[in-house]
Amino acid sequence: MRIPFFPIPAKGETVFSVIGRCSERLGISNHELMMLLTRQRYTKTVFSSLPGYLTNIAAAMPKGHPWQDTNTIIFDHTAFPYFTYFHPREKKLNTEKTLTTSGKSNQPIAVGMGLSMYRTPASPRHPRFCCKCMNEQLIDYGYSFFQVQHQLPGVSLCWKHNEILFDGCIHCGPYPLIGKKLTMPGQCLCSSFKARPILIDIIGDEAKWIAENSTYILSSKSCGDNQTEKLRIGIIQSGFCKGTLVDYSKLADAIETRFNHKFLTSIGYPAWENDKPSPWLRRYFNHGKSNRQLSTVSGILIMGAAFKNVKDFENGSVIKQIKSQSISINLGDEQPESWKKSLTQTLKDHDFRISSCANTLIKTPWVISKEAFKQNITVPLSPNAIERIGNKNLQQIITKLKNGTYKKQILNDYKISEWTLTLIELSVPNIRKINKKKAKDLILLKHRKTVKDFLQRAPSSTRNDVIQQLPRTYDYLINNDKTWFQDFVPKATKKASKKRANRLNWQEIDNKLAVKIKETVKRVLNNGKKPLRITASYLLSQHGQLQRYSSNQSKLPNTSKTLNEVTESKEQYFFRKVTWGIKQLNQAEQEISIDNLRRTCGISQYRLQPHLSEIRNLIYSLGGKISSKSILFE
Ligand SMILES: [Zn+2]
Ligand SMILES: [Zn+2]
């Protein structure tokens with residue numbers, strides 16, 4: 001069925017925003033509008049990163065509306081072009097086809113696209129907006145709306161105004177406001193709207209770059225057959241390689257230099273984890289080969305290491321200076337330079353003062369320190385430095401380093417700079433290696449313990465369970481402690497998997513659920529609130545068991561029996577609502593008429609009319625008084 005009116009979407013307006021404006025214009029509830037548009041009542045789908053039920057929405061559009069074409073919906077009003085940017089062309093086309101011909105929930109499609117694997121939500125829980133954009137919209141369009149560009153993962157600034165995004169009202173809370181689901185930017189429940197900034201601690205050039213380039217990708221028309229391969233080649237041309245293979249350590253360093261550690265951590269994509277390039281990075285190009293889902297955030301960050309921006313990526317021009325930088329790093333493998341050969345002597349000549357030594361050699365102190373580590377040169381601390389650090393602290397720091405304490409931890413605890421810590425390390429022979437080794441041992445023990453604890457909790461677990469439930473630990477152990485892991489954790493055998501299948505005690509689940517449902521019904525019937533119809537799905541979802549019940553109905557006979565007993569027919573529900581309404585009016589000591597009964601219960605006169613005599617009897621039996629002007633009066 002077509003609806004008579006639907007707003008024309010603004011450029012880049014999100015799907016939920018257009019729907020929100022529609023429900024405001026028509027003055028009907030969100031659920032009612034959702035039923036008309038999607039044939040189901042929940043608004044959740046339109047708030048997710050990719051709305052589902054698109055064919056239903058298209059079919060509901062008035063004649064001539066642009067959304068009759070589902071392609072327009074996904075390409076112009078969702079982040080679909082962004083999410084699929086790095087997907088191979090064929091995969092992209094397939095997803096597009098499934099999505100634009102689907103009259104169902106988008107959940108499986110989103111999973112297929114890898115959106116659930118994003119380390120930062122693929123779309124924010126609370127829709128975002130920019131205050132400056134909002135004011136411009138009010139002038140240009142006469143209303144405000146939400147834009148797709150502001151909802152992209154990892155984006156915290158407006159690409160256009162370079163200002164932090166907002167997601168609600170300071171007084172009323174984040175959007176969507178409870179009880180008023182689809183509110184437009186700038187609207188709220190109180191009379192003094194004040195925009196609520198999103199929670200983020202980093203807003204610098206990195207955030208700006210991400211916002212601009214994510215937006216660029218969203219509207220990019222470039223659709224190479226295999227963007228990932230193009231990216232891999234670019235990375236290699238930039239010098240992040242060992243021969244023809246990607247050198248992930250170099251790449252991780254470059255990404256961290258480009259975006260800085262704090263920012264990357266704030267969006268959930270640190271380049272390094274546990275002294276190794278992070279898993280999202282380490283496996284990126286392998287995914288490409290196996291045609292698995294590639295997160296666009298990962299792709300953009302990798303791109304940032306080798307290209308000035310997306311535009312340059314699309315044109316294939318890599319950053320030249322990175323190439324020369326990486327060459328200078330590589331020089332160590334080729335011809336040892338003369339300054340390196342004589343470094344010990346030069347340091348001695350400068351009283352082991354690294355900075356003046358660096359000045360003489362025209363190098364940075366970091367380069368000198370790196371080379372000193374490499375050659376195992378001990379550089380004693382200057383009396384000044386010792387005084388600055390404090391003798392007691394110095395001894396503690398050295399002990400901690402020897403015990404494998406993380407350097408970041410030490411920097412935090414003693415409030416010293418990274419450079420000071422480097423100087424301390426240089427003053428104690430081999431301490432950097434000892435620290436590294438100890439820290440590694442500690443991580444190993446930690447992961448071993450995680451596995452041991454896991455097996456203690458669930459003794460019948462197999463390797464597969466570890467892979468699924470402790471992916472990071474598995475990853476670490478299989479790379480660093482393979483023999484121990486394989487000795488300690490049994491492989492899945494037929495026997496083991498059979499045991500696992502029986503681990504759920506269905507009878508117990510069934511009995512417990514049946515009891516809980518009865519309790520819920522009792523509670524709902526006695527809570528005095530306006531009645532809701534007691535249905536099976538309502539009761540099951542109250543206990544979070546709707547999914548389990550629908551897929552295992554045969555294993556839950558007691559629950560089925562109980563549901564049969566307690567759920568209401570439409571008629572039962574009707575009379576329960578009427579009874580509740582009469583009681584309310586009695587309590588308020590009002591005379592009862594069809595009119596006030598209709599308003600109290602929320603049932604139309606048309607539906608009350610056929611039951612006048614039953615209602616009359618109910619009123620009398622509950623001790624109510626009928627208004628003499630009402631048609632109920634005899
Ligand atoms: Zn803006
Ligand atoms: Zn407010």
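This is a predicted model: local features need pLDDT of at least 70, side-chain atom pairs count only at pLDDT 80 or more; totals for chains, interfaces and linings use all residues.
**Figure 1. The largest nonpolar core holds 78 residues.** Four of its residues touch the most other members: Leu 251, Ile 255, Ile 302 and Met 303. Helix H16, residues 296–306, is the top contributor, giving seven residues. Where does this core lie? Domain 1 (1–223) and domain 2 (226–332) both supply residues, so the core lies between them. Nonpolar side chains tend to be buried together in soluble globular proteins.

**Figure 2. Ile 255 and its contacts.** Leaving out residues up to four places away in sequence, Ile 255 touches Ala 271, Leu 301, Ile 302, Gly 304 and Ala 305.

**Figure 3. Another core, of 13 residues, lies apart from the core of 78 residues.** Its members include Ile 354, Ile 368, Ile 424 and Leu 426.

**Figure 4. Three strands form an open sheet.** The strand order is E2-E1-E3, and the pairing is antiparallel. Which strands stand at the edges? They are E2 (173–174) and E3 (195–197). Each has a single partner strand, so one side of each has no neighbour in the sheet. Strands of a sheet pair through backbone hydrogen bonds.

**Figure 5. Strand E1 meets strand E3.** E1 covers residues 166–169 and runs antiparallel to E3. Two bridges join this pair. Cys 169 stands opposite Ala 195 in E3.

Terms used. Residues are numbered from 1 along each chain as its sequence is written. Chains are lettered from A and ligands numbered from 1 in the order in which they are written. Two strands pair if DSSP finds at least two bridges between them. Helices (H or I, at least four residues) and strands (E, at least two) are DSSP runs, numbered from the N terminus. A nonpolar core is a set of buried Ala, Val, Leu, Ile, Met, Phe, Trp, Tyr and Cys residues joined through C-beta atoms within 7 Å. A residue is buried if 20 or more other C-beta atoms lie within 10 Å of its own, exposed if 12 or fewer, and partly exposed in between; C-beta atoms are placed from the backbone. Domain bounds come from an automatic or database domain assignment. Two residues are in contact if their C-beta atoms, placed from the backbone, lie within 7 Å.
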